[in-house]
Amino acid sequence: MSQEQVEILQRALTREKNARKAAEKILEEKSRELYFTSQKLENLLDEKSSELQGVFENIVDAYVVIDLNGNILKFNEAATKLFGYDIDREEVKIAKLIYKDDFQYAVDCFNNLQTTGFFKDYETRVYTKSKEVKWVHVNGSVVFDKNNKPIAAQGIVRDITEERASAERLIESENRLSTLILNLDSGIVLEDENRNIVLTNNKFCELFKINAQPADLHGKDCVTSAEQNKVLFKDPEGFLKRMSEIDDAKELVIGDELEMIDGTILERNYMPITIGEKSKGFLWTFTDVTLKRTYRKSLEAQKQKYYSIIANMHLGLVEVNTNDEILMINQSFSEMSGYSEEELLGKRGGEIFPVEGGSEIISIENEKRKKGESNSYEIKVNTKQGDIRYWLISGAPNYDINGNVVGSIGVHLDITELKALELQKEKLLLKLEKSNDELQEYAHIVSHDLKSPLRSIDALVSWLKEDNKGILDETSLKNFGLIEATLEKMEQLISDVLEYSSVGTDTNLKAEVDLNKMFSDLTTILYIPEHITVKALNQLPVITGDATKLQQLFQNLISNAVKFIDKEVGLVIIDFEDLKSHYKFSIKDNGIGIDKQFHDKIFKIFHALNKSKDSTGIGLSIVKKIVDLHEGQIWLESEPNVGTTFYFTLKK
Amino acid sequence: MKTLNILLIEDDMIEVMKLNRTISSLKLNHKIIEANNGEDALKILEQKDVLPDIILLDLNMPKINGIEFLGILKNDDTLKYIPTIILTTSNNQKDLLECYKIGVAGYVLKPLKYEDYVAKIEKLLAYWSINELIKA
């Protein structure tokens, strides 16, 4: 081998050596690089797996890993919390967690998982450790090893119990709402932009006499429907016209009234429904207001009726508030007072009209009304023309709907004419009383003046007789006797006339009169011959009346009875009967009797049937007058020669 | 029996005669002073030294009537003690009440018949004859 060769070889070797060295160096570098890279990767992996671990551990939803036998291998924190099991301490099988009713569904799902390798949106109920039932949403997939062999299943479980509950509530409330709408007492139609029905209800079908279910109307065109329905209305064209107007305007309309041919009155409202900027349709509502309207109509009619009564009645009507300020008057009051309504509004009636203390009366009466009393009173007033009139005012408090007194209403009647009559009557009464008194006085004086001469004549006659004793012959003596008898008759007549004229006066002497006592007094006063018995059959009552006059009544009747008894044994029987408001007395005798034709006459003054010394014909007139005064009646039954019974009643 | 001084106030002449005749026919010794009306009577009564024992008074008289006279009498401190008996035709209840209200010693109605009159006057005078009277 040549040097050259050797040198060549040596140079080649050196080159190779250098090359190897360089390669080694590169390798070393690369290997270092690789090492670092792998180091890096390892770190990265560690990082990633811990990151992943963290993700699973920390995701909000539960993360569950099970083996193929259904044993739970892994629960993250959320899962532990959700199910309540600590799988490090106890063994839990997935089957135990499934809600019994959902078991079949779970099995199907699991099968699905095995065939396809995953499942999604599985919603089911599960039991927790504390036996609580929860709704969960599960997404699951199978876990394979490197040889692509399934070794486990993993799932993300989300607790949707709350969500589910609110969804249910929403459905429930939707149901409620739709039931409500369906059965609403107003008919409604919700239409969309194109006037197609979106929603309607039973009442609408009923009102519009549509023989279909509300749901069937869905999607129908409102315009066509309206064209069909218009015949139901009294003004079909008006109905359509108004509807299209409303539809064009697309603005809220409340309280349109539609009159249907069957008399039904519908109230129609229209409401565009927008949520935010978006139109959600247009709502028509129809309400049957027939009852309400007819009610209002009859109310209106009633009001009209009373209004015309008030306006046309001949009584003045004034409404005032609690300050006595006039709020309203009717036409009659305007005529009565002379003022127009404008002149009186806001004025106080109590200040304008009254004269002579009327204002005080009014304020007193107003106070009473404020307390809720109704009243009536008279006042003297001045009209606008200055006439003095008398008004009778009947007032009643006026209440608001809460029952507070807000004023009063007074009805005014002009009683001036009446009042004039009343005053005239009072005057007349006074005058009458006075003239009665005068007459009474006059009667007494006249009777005195008439009686005095009689007395004098009697004295003179008796002196003549006395002074001429033995001188006068029989005839003269007899004539003197006749003079005396005539004088007595005259005196009696005067007395009776006076008595008769006195009966009507002093009737105010009312007292309790015991008729028994009066009767026993009478039997001692009256002259009753031996052969006549006067008796009362029963205990007589006590009555209210004028004692003197009652005595006179009984006295006249009894003495009459006694006077006209012609039988050998005379009997006068007094009895009575208790009627409701009166007592009926009877005085029965067995005297000469009175002929029927005189029964009425005998009570008239100066109608004595038997002209005799002691009969002036006034006695029975007095009796009648006294009975009249005691609001009774007198009559008689009689049979000539058998006897007479006088009946009379006296008020209790 | 006392003898009475009687003041008769009466406007009717025959009535005066009746009383005089009655007293004389009854043989009584009473002394009668006559006055035709209330005014005359008051004049007589002014002389207080000779006051009557009793007064018989008619009611219906001209000028001062009986009731007015009675009022005047009862308002006088001396005269009010003289018993006054009304002798009248009036049986008017009002007069009767009024007289007793003012104060009278009696109220006698004049009867129609003279005999009845005599009987009444006899009793009246007999009664007052036995009464004790206040002497002025």
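What share of the contacts in chain A with a separation of 6 or more is accounted for by residues 24 or more positions apart? The answer is 50%, where two residues are in contact if their C-beta atoms, placed from the backbone, lie within 7 Å. The model is a predicted one, in which local features need pLDDT of at least 70 and side-chain atom pairs count only at pLDDT 80 or more, while totals for chains, interfaces and linings use all residues. Residues are numbered from 1 along each chain as its sequence is written, and chains are lettered from A and ligands numbered from 1 in the order in which they are written.

Chain A has 652 residues, of which 22% are buried, a residue being buried if 20 or more other C-beta atoms lie within 10 Å of its own, exposed if 12 or fewer, and partly exposed in between, with C-beta atoms placed from the backbone. Its secondary structure comes to 18 helices and 22 strands; helices (H or I, at least four residues) and strands (E, at least two) are DSSP runs, numbered from the N terminus.

Among the strands, β5(A) (residues 150-159) is joined to β1(A) (residues 62-67) by six bridges, and the two run antiparallel; within this pairing, Ile66(A) has Ala153(A) as its bridge partner. Strand β4(A) (residues 133-144) also pairs with β5(A) in the antiparallel sense, over nine bridges, and here Asn139(A) is partnered by Ile156(A). Two strands pair if DSSP finds at least two bridges between them. The hairpin of β4(A) and β5(A) has five residues between the strands, and Asn148(A) takes a positive phi near 65 degrees in that hairpin.

Further along chain A, five strands form an open sheet with antiparallel pairing in the order β12-β11-β15-β14-β13. Its edge strands, each pairing on one side only, are β12 (326-329) and β13 (375-382), and the twist averages 30 degrees from one strand to the next. Within the chain, β14(A) (residues 388-399) and β15(A) (residues 405-414) run antiparallel and are joined by nine bridges, with Gly407(A) in β15(A) as the bridge partner of Asn398(A).

Turning to the helices, α16(A) (residues 515-525) and α17(A) (residues 547-563) pack at an angle of about 50 degrees, with their axes 10 Å apart; axes are lines fitted to C-alpha atoms, for helices over the stretch in contact, and angles run from 0 to 180 degrees between N-to-C directions. That angle makes α16(A) oblique to α17(A), since angles under 35 degrees count as roughly parallel, over 145 as roughly antiparallel, 65 to 115 as roughly perpendicular and the rest as oblique. Met518(A), Phe519(A) and Leu522(A) of α16(A) meet Leu550(A), Gln551(A), Phe554(A), Gln555(A) and Ile558(A) of α17(A). By class, this contact has six nonpolar, two polar and no charged residues, where Ala, Val, Leu, Ile, Met, Phe, Trp, Tyr, Cys and Pro count as nonpolar, Asp, Glu, Lys and Arg as charged, and the others, Gly among them, as polar.

At the interface, 15 residues of chain A are in contact with 13 residues of chain B. The elements giving two or more residues to the chain A side are α14 (416-467) and α15 (474-503), and α14(A) provides the largest share, twelve residues.
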